[in-house]
Amino acid sequence: MVQIDPARAVVRFPDVCRELGLSATTLRRICREGKGPPLLQLSERRSGVRRGDLDAWVESRKLDHPQS
């Protein structure tokens with residue numbers, strides 16, 4: 001049985017939006033500006049993000065200090 005690296009698993013774009021709590025329009029804008037996780041073109045009408053890239057991007061968004 002082949003083991004698949006979870007960091008290389010692909011999360012479909014709608015699921016990424018749901019997980020982040022962002023609209024598709026907002027997330028596409030962030031990615032287009034180069035400030036979001038890198039998108040993968042899965043087919044003509046489907047895109048996604050590698051789980052490892054998504055997790056790394058979320059970690060990079062952490063605040064040094066909590067906002068009040």
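**Reading a predicted model**

Modeller: Let us start with Q41, whose place is in strand β2. Please keep in mind throughout that this is a predicted model.

Biologist: Is Q41 buried or exposed?

Modeller: The reading rests on relative accessible area, where a value over 50% counts as exposed. Q41 has a relative accessibility of 59%, so Q41 counts as exposed.

Biologist: Which residue of β3 stands opposite Q41?

Modeller: That residue is S47, which lies in strand β3 (residues 47-50). S47 is buried, because its relative accessible area is 9%, and the threshold for burial is under 20%.

Biologist: Which residues are in contact with S47, leaving aside its neighbours within four places in sequence?

Modeller: With those neighbours set aside, S47 touches R12, F13, R28, L40 and L42.

Biologist: How many strands does the sheet have, and what is their order?

Modeller: The sheet is open and has three strands in the order β1-β3-β2, with antiparallel pairing. The edges are taken by β1 (10-12) and β2 (40-41); each has a single partner strand, so one side of each lacks a neighbour in the sheet.

Biologist: How many bridges hold each pair of strands?

Modeller: Between β2 and β3, which pair in the antiparallel sense, there are two bridges. Here L40 stands opposite G48 in β3. These two strands also form a hairpin, with five residues between them. Between β1 and β3, likewise antiparallel, there are three bridges. In this pairing V10 faces R50 of β3.

Biologist: How many helices accompany the strands, and what pattern do they follow along the sequence?

Modeller: The protein has three helices and three strands. Along the sequence they follow the pattern β-α-α-β-β-α.

Biologist: Which residues make up the largest nonpolar core?

Modeller: A core is read as a set of buried nonpolar residues joined through their side chains. The largest one in this model has eight residues: V11, F13, V16, C17, L27, C31, V49 and L54. Helices α1 (13-20) and α2 (24-32) each supply at least two residues of this core. The largest share, three residues, comes from α1.

Biologist: Which residues are in contact with C17, once its neighbours within four places in sequence are left aside?

Modeller: C17 is then in contact with L22, S23, A24 and L27.

Biologist: Let us turn to the whole chain. What share of its residues is buried, and what are its dimensions?

Modeller: Of the 68 residues, 21% count as buried. The C-alpha trace spans about 50 × 30 × 20 Å along its principal axes. Returning to Q41, its C-alpha atom is separated by 27 Å from that of M1, which is 40 residues away along the chain.

Biologist: What share of the contacts joins residues 24 or more positions apart?

Modeller: Among contacts with a separation of 6 or more, such pairs account for 49%.

Biologist: Finally, what is the average pLDDT of the protein, and where is confidence lowest and highest?

Modeller: pLDDT expresses the predictor's confidence in each residue. The protein averages 92, and 96% of the residues score at least 70. Confidence is lowest in helix α3 (residues 51-60), at a mean of 95, and highest in α1, at 97.

Technical notes: Residues numbered from 1 in each chain as written. Predicted model: local features only at pLDDT ≥ 70, side-chain atom pairs only at ≥ 80, totals over all residues. Heavy atoms only, no water. Helix = DSSP H or I, 4+ residues; strand = E, 2+ residues; numbered from the N terminus. Buried < 20%, exposed > 50% of the residue type's maximum accessible area, 1.4 Å probe, protein only. Contact = heavy atoms within 4.5 Å. Core = buried A, V, L, I, M, F, W, Y, C linked by side-chain atoms within 4.5 Å. pLDDT = per-residue confidence, 0-100. Pairing = 2+ DSSP bridges.
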